[in-house]
Structure formats: structure tokens, C-alpha cells
Amino acid sequence: MRGLWWKIGSAILVIYSVFLGLLAPLNPGIKTVDPAQLNNGGTTVIITGYNSHFADAAQSQQVWLTNGDEIFCAYEYQVVDNTHIRATFSIYQDISEAFFDLYVHNAVDGTMHLPDAFLQNAMEVSLKPDKIEPCLTALAEADRGFGFPNQPILNETIRNLLFHVPSWFAMILIMAVSFGYSIVHLRHSRLDADAAAANAARVGLLFAFIGLATGMIWARFTWGAWWVNDRRLNGAAVATLIYLAYFVLRSSVNEEQKAARLAGVYNIFAFVMMLLFVMVWPRLGADSLHPGVGGNPAFNQYDLDDNLRLVFYPAVLGWMGMSLWIFQLQNRMDRLRRIADEH
Amino acid sequence: MWPEVWAIFRKDMKLEMRQSHALGSVLLYILSSVFVAYLAFKRIGDVPTWNALFWIIVLFAAFNAAARSFALESSGRRLYLYTLASPQSVILAKIIYNACILLVMVSFGLLIFSGLLGTDVLREANGFALMGVVMLGALGLSVQLSLVSALAATADQNLGLMAVLGLPIILPFLLILMRLSKNVLDGLAWSVNASYVWQLIAITVLSVALSYILFPYLWRE
Amino acid sequence: MNIKQLVPSIVIVVMVSAPVLAASDQGNLLEETMHSSGKIYVVVAVVTVLLLAVFGYLIALDRRLKRLENKKTDKR
């Protein structure tokens, strides 16, 4: 029972994160607008919401655009149902930016925001708007309850943060364990430490594959391609390659002592280089599609709000524990095998 | 320790001179791959292509050169060295030796590459900056590949294992290097490139340190 | 030997992603499904891959343990 508490603990954390990660509702948000261009003068658009309550909260509803410091309220709008609003905006030409941000506010959903919702179509004749008086009256605070942030394009897939990212944390942790065992092996020439290092690398590869596969699926339906030329993604692929090479090296030397020593040296060298590639380097450049996800300092940029944090950190801890548990099982099995081989 | 390093380095250099076909073969390797590239492209006026092709050729030549540095030693001579010198001086001597060989190779490669494939892309580049990048690249590649070469040689394996082991390790360095050299070819200012240069130097120093620490464990036989 | 031990987990990951890969070229059905309901099916696919990979690894571990057990009882 003694060594069991952390396994039960991490299992509970994983169950908690899967449960809440799948069942907690997504906050209301604006999904799409159609058309996405505004002519000068009046344009009528359809605003599609997600999990929103446009009809239920029609009394407290306010719809407006911002552009720079300027605010354009909807000239008129008509609620179709809970997820659709037909709105007419009237804009004029002298504005600072080409893109308008869209806001919808009501008492049930709070403030919903779609950045860069509309592009100004500058071809039209400039007209002064019919209605420019300020329309934003007191915005009522909405009590939305527990929910995940609704990001444009991501929508429900924000939940993948709880399943994709922890696998990378688990991979790094278990590779670090492997690194540590390699050092122990080289210092004290203990073959059991080398076997542990190999087993840890094996479990690390499992989580690397999980990270790559889940990342590819997520990327396909967010950025539109299975593989994008992203530094973090390439870094992950390199990490995987390094550990595959590690196993090639192990199996290419027949003499056990020598194979263990070579593998230990390569593991230490490779781990440092991998750390450099996966953790340090992607942060130095700007051309990463990952908007600060994955335990780097840009975390708050990503609007990882408190609700998400409440599930994300337990998920990371839980999966780290799970990876250690799987590693332990693998290692114990391997020890049995070695004992059986000796007899 | 440094006299020991110097002695091993001198010994390697002498061996190299005695069997001059060895260095010649690597230079010939560069010459022929550049010639193939010339036949395929005739003239490259496009900076990214020029840059990528140049570094790919250099990369494989570097693998070839580094693979020889340990494979040349017969196991008898290795045993002899083992009794005479400390492993730290052996790896330092090998790194210096590899760096010298690679510097010669890269300079030669740059010369014939720009000669055959056209110097159109070099117009914007600062000559000193380009030479600096090429030197830095050669230095870093040789440092990282020295340890990998020692690994492959200890495993009694050929170039194949070395490519498998070395490529993923060298990739971070190589990608930063290619980005830097592209920037230099485009004539970007030092302020843009400084961070890349520091990264390259950091990786090189780190690799030297790791080789210094790890090599004794390989040498122990 | 070591690489061989990894194969089951690789195969499972590929098996899960292969139909998805294949279908994407054929038509828009997959695309529509994946983008419907706020892309919730992307989450479903990701969770499926995650669980299948972990279970696949455990099954492979189990089988190796079984072989070990058989070998031990044979010797007695």
C-alpha cells in the first residue's frame, strides 16, 4: 500500500481532468459572421453565436463594433433565435484600422468578443452614419458559472489543451528520468540503471507519439494541415528521432556492457540537445503557430483563464504521474525478465 | 594537459599528411557533389536555395570527415593512445583536428560552390560576416560530430550509424546556422543576427563541455 | 529487439490516424463532421488516440509479461 498513494492520486487527477474537460460547458461566444466585410454605409450581417442566449436575453442585449478607439453600435438588429442575430451596421470611411472587432453583450452570456470580425470594404462611397450617438449603457455583469473560454477558430477544441499538452510534459519528465538514470549508470557502472534509462526512454517515446498524433489531429482542424512548419512541432519530431536513434544504437552493439555505456553517453548528449530544441529554441523565434501553449512564459498571452487552469494543472500532474507509473511497471517487468534470463 | 593535446593533434596531422589521399578524398567528395549540383542547377540566383544546398553539401562532407577521425585509428593504436594519454586530451585534440579539417573543407567548398553556381547571391552579403558564419558553422559542426564519431567508432559501425545518431543532434545547430547564413546573404544587420550568433556559440561551447565530460566513459574499455 | 517492442504502440497510433487520413482526401463528410458542433469531434478524436495509445502500450506490456510467466513455468 505504501507506494500506491501517488498512483491513486494521479489516477484521480486524470479522471478529474477527463471528466471536467469533457463535461464542463464552453462559454458563450461568437462563432462566425456572414458576410465578413462591411461596406461604408449600411451592411446587414448574420452573427452566429455558440452556446449563446441571444433570444433569452434579448432585453439586455447590446451589439457593437470597435475600431481603434471608436465604437460603432449596431444601427438596428433583430434576434432570430438564441444563436443568430441579424444586425445592420452603419460605418464611415475615416477610421484607423481596416478590421473591426465585434462585441455582443447580454445579461446571461456576459460580453462575447470576436476580434477582427469584419474587414472594411473601402470601395464604397463614404456616407455619414445615420446614428452615431453612444449606445453603450451600463453593461450588466453576467454570472456564467464554470466554463472554458470560447476562442475564435478553436471553439470546443480548447479542451484538447487538457489532453495534448500534458503528454508533452509527461514526455519531458520521463526523458529527464531516463537522463538521470544514464548519469547514475555512467558514474557507478550499474547495469540496472541503464535498463531503467532504456525503459524510461521507451515510455517517453510512447508519450512523444501521443503528443505528435494528437497534435496533428488538432492542427489539421485548426490550421488546416496535418503538419505545419512550426518550430515546436519540428522540435518534437527531432526529439522523437533522437530517441529512436538511441534504440538503434542500443541494438547495434551486441556486447551488453559496451552497449549500455554507449547508450548512456548518447542519452546524456541527446537529452541536453533535445531540451535545447524543444524548450529553449522555439521561444526565441516569433514564427511559431503555438500561441504560447505548453508551459512557456507566454502562457498568460493565451488567455489561459482561471477555469481552464483549474483543470489544466491537475491534468499535467496526473499525466506525469501516469507516465511514471507506466515506467515503473515497464521497469519491474524488465527486471523480472533479466532475473529470468540469468537463471 | 595542453602539451598532450598538442602532441596528439600533431600526430593526427602527420598521419593525415602521410596519407594525403584521405584529405584529398574528402575534398574530392565536396568537388564532385558541388559539380553534381552545378549540372543540376547550372546557376542559382535564389538565396534560400543557394544557402540550403551549400549547407547540405557541407553537412555531408562534415559527416564524412568526422567519421574518419576515429575510424582511422586501429584498435591497437587506440590501446596505445589509451595507455599514454588522458581521454580528455584525446577528445580535445580530436575536436581541434576535426575543426581544422572542416575549416579547410568549408573554405574550399565555399570557393568552388560560389565559383560554379554563381556569385549572384553574394552581392548583398558582407564578405567578412559570411566568412565568420561559415567558420562558426564549421567549428560547431566539427565539435558536435566529434563525439558522435567517437560513439560510432566505439560501436564498430560505419557512416550509417553515424548519420542516424548525428543528424537529430545536429539539427538544432544546423537550422539556426542556415537561418543565420541566409540572413547574412540577404545582408541583414548585425543587430538582427546577434542572437543567432550567440545561440550558435552557446551550443558549441555546451557541446565541447559535454564531450569533455562524456568521452572518458567511451574511452574506458 | 528494442525497436520491436515499440512496434505495437506505433501500429496502434497509425491505425487510429490512418482512416482519418484516408477519409480526408475522399470527401467533405469528415470535414463537416469535424467542424460541426464547435469542432467537438476533434476533441473526441484526440481523446480516443490518447486512450488507445495508452491502452495499447499496456496490452503490449501485458503480453510480454505473459510470455515471461510462460517461460518461467516451463522451466520448473
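**Core, helix packing and chain contacts**

In the predicted model, L165(B) touches A245(A), L249(A), Y266(A), V148(B), L151(B) and A152(B), residues up to four places away in sequence not being counted; two residues are in contact if their C-beta atoms, placed from the backbone, lie within 7 Å. Because the model is predicted, local features need pLDDT of at least 70 and side-chain atom pairs count only at pLDDT 80 or more, whereas totals for chains, interfaces and linings use all residues. Residues are numbered from 1 along each chain as its sequence is written, and chains are lettered from A in the order in which they are written.

L165(B) is among the residues with the most contacts inside the largest nonpolar core, together with I174(A), Y246(A), Y266(A), A62(B) and L151(B). This core has 146 residues. A nonpolar core is a set of buried Ala, Val, Leu, Ile, Met, Phe, Trp, Tyr and Cys residues joined through C-beta atoms within 7 Å, and a residue is buried if 20 or more other C-beta atoms lie within 10 Å of its own. Helix α3 of chain A (residues 191–220) gives the most to the core, with 19 residues; helices are DSSP runs (H or I) of at least four residues, numbered from the N terminus. A second, separate core of 23 residues includes I47(A), Y77(A), Y103(A) and F118(A).

Within chain B, the axes of helices α7 (residues 159–185) and α8 (residues 190–219) come within 10 Å and cross at roughly 150 degrees. Axes are lines fitted to C-alpha atoms over the stretch in contact, with angles from 0 to 180 degrees between N-to-C directions. The two helices, α7(B) and α8(B), are therefore roughly antiparallel to each other, a term for angles over 145 degrees. Residues of this contact include F173(B) and I176(B) of α7(B) and Y196(B) and L200(B) of α8(B). The contact comprises 11 nonpolar, 3 polar and 1 charged residues; Ala, Val, Leu, Ile, Met, Phe, Trp, Tyr, Cys and Pro count as nonpolar, Asp, Glu, Lys and Arg as charged, and the others, Gly among them, as polar.

Between chains, 23 residues of chain A are in contact with 19 residues of chain B. On the side of chain A that touches chain B, α5(A) gives the most, with 14 residues, and the residues of that side divide into 20 nonpolar, 2 polar and 1 charged. Chain C places 29 residues in contact with 31 residues of chain A. The largest share of this side of chain C, 16 residues, comes from α3(C).

Conventions: Buried ≥ 20, exposed ≤ 12 C-beta atoms within 10 Å, placed from the backbone. Parallel < 35°, antiparallel > 145°, perpendicular 65-115°, else oblique.
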